[in-house]
Amino acid sequence: MPEPADKQLAGRLRLTRRKLLLLAPVAILSGFLGISTWRTDKTLTAFVDTLLPADEYGPAASATGAVQVLQSAFSGSLARNAELRILVLWLDVAAGGSFAGADPETRFQVVDRLDQRSEHTTSWKIYRRARSSVMLHYFGSAERVLAMGLPGAPQPDGYDTPHLPWTGAGRD
Amino acid sequence: MLIVGAGAGGAAAAWALAKQDVQVVLVDAGPEFTADEYKVSDDDWERQGFPYKPGSRGRHEIAAGQELLDRWSGLRSFYAPRQRRSSRTHRGTREYSHVRGIGGTTLHFTGWIHRLRPEAFEMNTRFGVAADWPVSYAELEPYYLQAEQMIGVAGPATVAGRPRSGPFPTPAHRPSMLSQVIGKGAEQLGLSFVPNSVAAPSVDYLGRPDCNYCGCCHKGCPRGDKGSAELTFVRPALETGNCQVFPRHTLVELMRGQHDELTGAVLVDGAGTRHSIVARHYILACGAVETPRLLLAMDGLGNESGQVGRNFMETLSSDVIGLHPDQIGSHRGYPEDSVCWDYNSPDAIPGTPGGALLVPLAASADYIGPARYASRLVEGFGTSFKQQLIETFGKAAGVALICENLPNPRSFVTLSKDAVDENGMAIARINSFLPDMELERLAFVTAKAEEILLASGVPKVLERVTTYEHFASSHVMGTCRMGADPEKSVVNGSQRSHRWKNLWISDTSVFPSSGAGEGPSLTVHALSLRMADAIVAQVNGAV
């Protein structure tokens, strides 16, 4: 009898530190050789858009340049670059081969499992760094957060009545 | 008169001398900053910090930190999400947070403007710790008042334990919602938060506008309401016509002459050109790291006592933060616009001499924009995450505290053994150690801060950041102690070198004790104004 889908997924997601260490040389080598850049980009695009999809609150993260921000955040050293490639491998393996090719529900489940992993795991730490970069970029635009109903840049207007309750929108 | 360093001390001294018709040359190793460099109106404002630029920070080393012990687990830092703790076994090193430039570190300070308590000047006599100041509160009081008037301090009618001969020049700011919430929590514990005295006027003052509560003081104030020293003292000094200011000029040599007098200085400008200058008096005002560094690097100038670099005192502090259930809009308001003085007296904390103060916290922990919330406080992802972010923004609530830090033999500034600056002078090496007495004080007040936060309605502390876990200082003091005894101090009660008749020091390095968390800049201003009078008296032959 076939395993339930969530159990299959759980099995794939059980990426231990050992498995990650085994994956690391592959990740580093692929970085050296520039292998699968196109595929990496597809996975990262799907990843950032799972984190922050297009919806009534704003555009998808990929449409704001989040993939480039992510790549930049993980550049500068082989070790950093390898971390990004480990993240990509983790996502692809967990999604059954291709994170980008998976349906939205599976992608959500994959990222959710990553999000819920122990904070002591390497994969979670890499995920948090990636997530943080994307969030800081996406919500670091005053124009975008204004569109969500949140206050934009605090100057030149400042805030008139900080001693009064905030209504949750606009300047005060 | 040559003044080296255009921060709180140098700027105030420049004005006080220039207004008495003394010709002043004020130099700083760092650059000038202009209001348009503070990018808090830009689309990416939240990702912009203070606009440091080449030369605006001095290089230094920080020696490896002490072992972190289990008994101080209440002082370990943790971070959102999940109250994550580091696995470090030894104290880490973050930074000595400072700015080199015209205005110095006041350019990015939040602007707490505090007098020290009268007892703080007698820590040795009264409590057997640190050293007494060779100046009393009463002697300094008129200078405190003068400095407050120059700055346009906004403050309440009275401040506990600090007698005043005149009112603050502008009324206190109305406490923000965050202050009100934290204040209510404190009340339940029998504590009180009262309006803080701050460097931004609450009404237009001497050509500066009133504060409009953007919370971005630490990124640099583009409106010029915050009273940083380039506005409050350098500008008036220039207006006297007796002061010239030269940014990007680094002191590399002070020449010793006969009769215990200095005979000249050598400065290097931003292009690398050397300039010689001869002055009647030389004032060092480079802060408690750079001033001792310069003296030690100049073959121990003024170090006859061996005390230069000793008695280093740092920022002993904690921040605790969580999410309040109500929408309080904590991104708005003057940061730390109220203060709890209940533990400020040197005998207020059980079992350890030295006081502390507590303030509300959100803006100074950077919780003033959605990006910080999204990356730290709000968990999850997807559309539901965006909804959650909208719901949560404005609810960050915290309490910050700074404690007294008493000097100890293992905390000092010396020279690096192998690292030099662009002029070939050894850079500073900061050695910091926190003995148990310091950690007991910090642990007590940190626990109080968490109690206050929980009593204010915050269900859980999500982040706790302490300087036990990492060395991180903005208030540094004590490395060229002032005192009456030439064997135990570097400068006398007028801040003049015990040996060199025309060498003066005017920054936090002269502090014999740290105070109990008060912002040190007002005391530096006041000391500098007093020192200027002493210099003029000496020039006029009165001394």
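**View 1. The buried residues of helix α1(B) are B:A8, B:G9, B:G10, B:A11, B:A12, B:A13, B:A14, B:W15, B:A16, B:L17 and B:A18.** Helix α1(B) is mostly covered, with eleven of its eleven residues buried. Here, a residue is buried if 20 or more other C-beta atoms lie within 10 Å of its own, exposed if 12 or fewer, and partly exposed in between, with C-beta atoms placed from the backbone. Helices (H or I, at least four residues) and strands (E, at least two) are DSSP runs, numbered from the N terminus. You are looking at a predicted model, in which local features need pLDDT of at least 70, side-chain atom pairs count only at pLDDT 80 or more, and totals for chains, interfaces and linings use all residues. Residues are numbered from 1 along each chain as its sequence is written, while chains are lettered from A and ligands numbered from 1 in the order in which they are written.

**View 2. Helix α1 (residues 8-18) of chain B crosses helix α5 (residues 229-239) of chain B at roughly 30°, and their axes come within 8 Å.** That angle makes α1(B) roughly parallel to α5(B) (under 35 degrees counts as roughly parallel, over 145 as roughly antiparallel, 65 to 115 as roughly perpendicular and the rest as oblique). Axes are lines fitted to C-alpha atoms, for helices over the stretch in contact, and angles run from 0 to 180 degrees between N-to-C directions. Which residues meet here? On the α1(B) side look for B:A8, B:A11, B:A12, B:A14, B:W15 and B:A18, and on the α5(B) side for B:A229, B:E230, B:F233, B:V234, B:P236 and B:A237. Two residues are in contact if their C-beta atoms, placed from the backbone, lie within 7 Å. By class, the residues of this contact of α1(B) with α5(B) are eleven nonpolar, no polar and one charged. Ala, Val, Leu, Ile, Met, Phe, Trp, Tyr, Cys and Pro count as nonpolar, Asp, Glu, Lys and Arg as charged, and the others, Gly among them, as polar.

**View 3. B:Y334 lies in the loop between β15 (316-323) and β16 (338-339) of chain B.** Is B:Y334 buried or exposed? B:Y334 counts as buried because it has 31 C-beta neighbours inside 10 Å. Leaving out residues up to four places away in sequence, B:Y334 touches B:H173, B:V198, B:A200, B:C211 and B:Y213. Find B:S364 too: B:Y334 and B:S364 are 30 residues apart in sequence, and their C-alpha atoms are 9.9 Å apart in space.

**View 4. Chain B meets chain A through 38 residues of chain B and 32 residues of chain A.** The elements that give two or more residues to the chain B side are α7 (370-377) and α8 (383-392) of chain B. The largest share of that side, four residues, comes from α7(B). Sorted by class, the side of chain B that touches chain A has 16 nonpolar, twelve polar and ten charged residues.

**View 5. Chain A has eight helices and zero strands, while chain B has ten helices and 23 strands.** Buried residues make up 38% of the 172 residues in chain A, and 57% of the 543 residues of chain B count as buried. Among chain A contacts between residues at least 6 apart in sequence, 56% join residues at least 24 apart. For chain B, 75% of contacts between residues at least 6 apart join residues at least 24 apart. The C-alpha atoms of chain B fill a box of roughly 75 × 50 × 45 Å, taken along the principal axes.
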